Amino acid sequence: MWGTSSSSSSYHHHGSTSGGARRRGGSSSSSRKEGGSSSGRASSSAIDEAAALKLFEDISDQEDPNVANMEGISTLCEQLGIDPLEDVRVLVLLWKMGAAKKPAEICKEEWMQGCNNLRVDSIDKFKALLPSLDIGFLDREDFKDFYKFCFQFNRQGTHKTLEKDLVIALLPICLSEGRVPSERLQSFCEFLETTKDESYSKITLDQWRSFLDFCYEVEDLATYDESSSAWPVLIDEYVEFMEKKAKDGKKK
């Protein structure tokens, strides 16, 4: 459930930023462009631009031919033989193509620039690109940028948060292939599923990014000191949830 189809009911995000404010000045934002690690503009002769444009026209929205929305992206996925809802390579492809102007779509300009950067102008070339879209090829900094993109792309319109249920579905897809310990990922999703705190019904970008940073920086929860914590309250409460689970487990 990395995003939605064009008519999916998963997109019911709201602009609320409640839900555990950070107790420090926020994590630093990457200066890297959302388009990923592709280098500058390729020469105009790198691809058959007419062919690349035809591919875009085949998936573009009928009402606005300058954008391809989720329906068009799903059509592209069908042509590539990948699952538009479960395969993380869809998100990696959109990130590398620079789909950053608006959530849940890629515009014609981004598409053409992305095709030039990635040297693709046919479905066969896109298919040949698929193995390189494995997130295992991303170094930590690129992956953090991609992880931020996953949140931004799955927003709805101008809304700044993601619904908790969507976050629970997205995290296992975005953090697959051992990017974080599986037990940490599963227990965090369990915490989100079971918490009755309404302030966590929507997750902010800061909370989303903080979970990944927390996994990188705090390998052992036993070393976590809430009294000196600089993490969002969401992380504090997740650690408390895990401590309670551990105590309850010892009682059995």
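Y147, V167, L171, F188, L192, I203, Q207, W208, F211 and L234 line the largest cavity of this predicted model, where a cavity is a set of points, on a 1 Å grid over the protein atoms alone, at which a 1.4 Å probe fits but cannot get out, and where lining residues have an atom within 4 Å of a point. The volume of this largest cavity is about 50 Å³, a volume being the space filled by probe spheres set on the grid points, which are joined across faces, edges and corners. Three helices, α7 (164–174), α8 (182–194) and α9 (205–217), each contribute at least two residues to the lining of the largest cavity, and the largest share, three residues, is that of α9. By class, this lining comprises nine nonpolar residues, one polar residue and no charged residue, with Ala, Val, Leu, Ile, Met, Phe, Trp, Tyr, Cys and Pro taken as nonpolar, Asp, Glu, Lys and Arg as charged, and the others, Gly among them, as polar.

The residues lining the second largest cavity are I73, L76, C77, L80, I82, V90, L93 and L94. The elements supplying two or more residues to this second lining are α2 (70–80) and α3 (88–97), with α2 giving the most, four residues. The lining of the second largest cavity consists of eight nonpolar residues, with no polar and no charged ones.

Residues are numbered from 1 along each chain as its sequence is written, and side-chain values use heavy atoms, with hydrogens and water left out. Because the model is predicted, local features need pLDDT of at least 70 and side-chain atom pairs count only at pLDDT 80 or more, whereas totals for chains, interfaces and linings use all residues.

The secondary structure of the protein amounts to 10 helices and four strands, both taken as DSSP runs numbered from the N terminus (helices H or I, at least four residues; strands E, at least two). Read from the N terminus, the order of the elements is α-β-α-α-β-α-α-α-β-α-α-β-α-α. Of the 252 residues of the protein, 50% are buried (under 20% relative accessible area, with exposed over 50% and partly exposed in between, for a 1.4 Å probe and protein chains only). Among contacts (heavy atoms within 4.5 Å) between residues at least 6 apart in sequence, 76% join residues at least 24 apart.

When residues up to four places away in sequence are not counted, F146 touches V88, L91, V92, W95, I135 and L138.

Zero disulfides are present, a disulfide being a pair of cysteine sulfur atoms within 2.5 Å. C107 is buried at a relative accessible area of 12%, and C215 is likewise buried, at 6% relative accessibility.

Most residues other than glycine have a negative phi. R119, however, has a positive phi near 60°; R119 is located in the loop between α4 (108–118) and α5 (123–129) and is partly exposed, at 47% relative accessibility. E177 also has a positive phi near 60° and lies in the loop between α7 and α8.

Terms used:
1 Å grid on protein atoms, 1.4 Å probe; cavity = no way out; pocket = protein on both sides within 12 Å on 5 of 7 lines; lining within 4 Å.
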